[in-house]
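Here's a walk through a multi-chain model, chain by chain and then contact by contact. Have the structure open while you read.

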Amino acid sequence: MILKRTYIELTAVTLIALFALIVFPKFAQFYTIISSTIYVSLAILALSLAFIWGYGGILCFGQAAFFGLGGYAYAVGAWNFDATVYGALLAVIVPTVFAAALGYFMFYGRLSDVYLGVITLTVTLILFKLVNSTGGDAYAIGKAKLGGFNGMPGTPLLENPLTEEVLSPHALYGLAVVLLFFSYLLCKAVLASRFGRVVVAIRENETRAELLGYDARPYKLIFFSIGAGLAGISGMLFANAVFVAPTMFDMASTARILIWVIVGGLGTLVGPVIGCISLLMITTYLGKTGFVDPNIALGVILIVFVLLVPRGILPLLDDGLNWVLERLKISREKSGGRVL
Amino acid sequence: MNLKRRSVLKGGAATLGALATPGLATKAFAQDDVIQIANISDLSGGFDIYGQAQLACFQLAVEEINKSGGLLGKQLELNSFDPQSDIQLYTQYATEVATRIQPPVVFAGISSASREAIRPIFNRFNTLYFYPSLYEGGVCDRNHFCTGTTPAQTIEKLVPFVMNKFAGKKVYVIAADYNYGWISARWVKHYVEANGGEVIADEYFPLEVTEFGPAIKNIQAAKPDLIYSLLVGGNHMSFFRQWAAAGLAGSIPMFSTDFGVGNEHIVLSKEESDGMHAAYSYVHELDTPANKAFLGRMQDKFGDDAPYLNELSIAAYYAVYHWAEAVKRAGTLERMPVIEALEDGTPFDGPGGLSTIDPQTHHRICDVHIAEVKDNAFQVLETHAQLAPTDTQAVCNLIENPNENQYFTIESPDE
Amino acid sequence: MDYVIVLILQVLYSVASLALICAGLAVVFGMMRVINLAHGEFIMLGGFTAVFATQAGIPIVISMLIIAPFVVGFVGLLAEQLVVRFLYGRMIDTMLATWGLSLLLIGAATMLFGNSVAGISAPFGSFKVGQYGVSFYEMFVVAVTVGIMIIGFCVLRYTKLGLIARGTMQNPEMASSLGISPSRVYSITFAIGAALSGLAGALLAPLSGVLPTMGKAFVAKAFITVISGGEAILVGLISASGLLGAFSTLATFATTPVIGDAALLFAAIVLLRFLPNGITGRFFRGSI
């Protein structure tokens, strides 16, 4: 049954990805493509937290730090190197290495639970403050001026490494969809591996896992770093679709990632992606209508949501699906059909 | 500029305008019955204090133009977007505006970060763009028009005025820790030295700082004759409260070129804000017939909700009128003829005085009023006619280089 | 010499104001393990209440010390009854709900009060230490903070209410079987936490001003300080804000405000690395 579930999920995700990649751009407005690129790039960020929090039990309040580092690493690389693709590589490497160092500090110090959350939040805010105060001309890495509060305008965009041409908006959108899909596959593959199973076991009961001979620390460390690398990819795409600015590191940016995961359903991978995209769509819509303060609307939605749909969107959909399957089974039994 | 040639060629903003956008039919403005225009200004989030008053000015200007027969015989319709002080939404709305609405003009952006996120988009889709805000100067782009003032424009006259009035030589500069603060502080230093004074210290505060105790002690230790404030935003108002709470209100004269833009002199008490000197292209209390009439119209339209106006909000009003004036002169809504008409100056005599577009920089040449805060209001002391944005002029010449597209970090002449 | 005195007074004030903005969160988090992301907005409401009450002619001290805590405490009680009550034991869900509450309160304050509310000036005037002016009001804030700590200690240590509270926090089932309703204790605790935040906002209003979005600046700092303090509410709060507040103020004096702020955060990280259960997880164990 569990195996079958996985197949259903994989098939559905693949179909949706193909739809998003091939069919959607055919009829979507241009500005919808731009917005979708932003949504998809942030969905990778939601996925990265869903991965380490939902499966590794690592309550990270600092996923925005890796996201921001990814964005800045890309921008610095893109300004300095001849080909922007090296910037993209940096955007994965820098957050991963940073997470490894931070993770070493935390996991080998045996911090857990909410203390881990506080440290990651604190690190994010320090990065925000430091990056925010790089307004002077002295703050430059090579040719890249960090720009402080104003961010880094005019950062070169990603280009096709073969033709050296800048990616068109449609190509960027396609790239984002592909990266989201592969990030998802990567998460699935890691979780299905022996390594992933040990991580889940550690989340379930760290003491028991250690008594069975697994040293929890390196497992968590590697898992955490993978999540950071994914967040870095998200930051790189965001830098291309929007802009690199210190707000990538701020409190609101951090909190909204947690919100996406909770709304979508903690302990799933697809749910947070859905949560992220739907909440972003709501925010975008609210800014256009103008009859109610967006903060009020969003606040009410969140409160009502947590009271009525506490486990998130995906488990709700899942229940719905189960209910339908159950009904089908019953009706089939009644009509004398074969029972699965 | 030591930009790599390649990065210019492939670079973000620089070449986007040249890229063709497949599948995007450009609208012929002539076919519509109404003229759709758009503004993107923060109505919620941290920047709402600026955006809400701007929106009122946009709405009033559009209504006035419509009442007087519209433009080219058509009515204007304003599409407003609220990006909630979030740069990501700026990007989304700018793209939507440029591709779905395809207006002949967009008025958008408050912070420099928001402007730099959307300016490339309007370039790419050949959408005429007005930036209605004061900022640190330096944007050089033929598709962009700024209706705010830049630091040198206001600081140049304010510094000698205050230094003479109080016979002060030693100036202590406190500034917001970002580009605007840093660049403005350089101009303050330049003009203070040009007038025989000296900047004895400069200190920079991140925008989220609310605790100024240590800074206040440092200032007292340094004993300056004058304090130049380039503090920005709601959190920084704490400085003036804590300054007054320490019994120092009025002890050292202060001057500023952004105090009041966030309604500081209204939010702060009389004791905390009295005596501050500032210089702007517009203050609400300006005692001219044009301004009185303008405020009357504002009152008629919004009643009790009529906002208190300052340079930042009035820039929105000027932006609409400069554009409308250019459309009338060009006789068309098409972008290039309108830009060329704007480059002829398109003088507009508004509530803050006469204003013309500087063809060299696409910024405004306008009157600057030096005012002092008294009883939670500005009192105009002196008006200087027709000052040019000399700082941006030093780096930007769109007459000679019409294809320039840069956001320069302006250095003061001392460097 | 004057400079040293002024420096000490400034450090005292910084520590007191940090403790003040953390107090509400410390009570709610320490006793109920609820991460209240609307903490900053309770502070904001306290500030607005004090400003409006003062402008309506009520003496400033009464609006700050009595009206603001009552109003915000009541808002807190409402929030607890309508939302938080259903989510005990679900830390993640309460975070989401209180984040929603935070947005809702920011939006409501923007609509109702706007962003240009005239503030109130600090009362009591100032005094001179040598050439330096120092505000009496800042010293008043220090005194009130000390007062709150003493009252808090007495209530927890010597009253039946305090006993019940401590008992419920340690073992809700046991308390429940002894005839105490944990849900009532939680309601009261949450309301008291909110009231303390309201008081903090009111006391800071004359020095920091009030804006609908002001809460943002406080919540992360408060959260970090409270966690650094550890289990014991009162001693943890005092030791953490003392340590972090003093460190960051001295760093600000020595360098710049950015470094000062970063120093606070950095100190918290180092602290938690070596004392993973906060200060009171190692020292002063078993204290309140």
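## Ground rules

A residue counts as buried when 20 or more other C-beta atoms lie within 10 Å of its own, as exposed when there are 12 or fewer, and as partly exposed in between, with C-beta atoms placed from the backbone. This is a predicted model, so to speak of local features we need pLDDT of at least 70, and side-chain atom pairs count only at pLDDT 80 or more, while totals for chains, interfaces and linings use all residues. Residue numbers start from 1 along each chain as its sequence is written, and chains are lettered from A and ligands numbered from 1 in the order in which they are written.

## Chain C on its own

Of the 288 residues in chain C, 59% are buried. Going along the sequence, the order is α-α-α-α-β-β-α-α-α-α-α-α-α-α.

Chain C has a radius of gyration of 19 Å, close to the 19 Å from the globule rule for 288 residues, so it is as compact as a globular protein of that length. (The radius is taken over C-alpha atoms, and the rule is 2.2 Å times the number of residues to the power 0.38.) Its C-alpha atoms fill a box of roughly 65 × 45 × 35 Å along the principal axes. Taking contacts as pairs whose C-beta atoms, placed from the backbone, lie within 7 Å, 75% of those in chain C with a separation of 6 or more link residues 24 or more positions apart.

## Chain B on its own

Chain B has 15 helices and 16 strands. Its radius of gyration is 21 Å, which agrees with the value near 22 Å that a compact globule of 415 residues would have. Its C-alpha trace spans about 65 × 55 × 35 Å along the principal axes.

In chain B, 61% of the 415 residues are buried. For contacts with a separation of 6 or more, 73% are between residues 24 or more positions apart.

## Where C meets A

This contact uses 33 residues from chain C and 33 residues from chain A. On the chain C side, the elements giving two or more residues are α4 (91–113), α9 (216–229) and α11 (257–274). The largest share, 15 residues, is from α4(C).

(Nonpolar means Ala, Val, Leu, Ile, Met, Phe, Trp, Tyr, Cys and Pro; charged means Asp, Glu, Lys and Arg; the others, Gly among them, are polar.)

## Where A meets B

Here 36 residues of chain A contact 36 residues of chain B. On chain A, two or more residues each come from α2 (30–54), α5 (113–132), α11 and α12 (294–308), and α2(A) gives the largest share with five residues.

## Inside chain A

Chain A divides into domain 1 (2–299) and domain 2 (309–340), with bounds from an automatic or database domain assignment. Their centres, taken over C-alpha atoms, are 34 Å apart. Ten residues from domain 1 and five residues from domain 2 make the contact.

On the domain 1 side, α10 (251–264) and α11 (270–289) of chain A are the elements giving two or more residues, and α11(A) gives the most, with four residues. That side has five nonpolar, five polar and no charged residues.

Key:
Contact = placed C-beta atoms within 7 Å.
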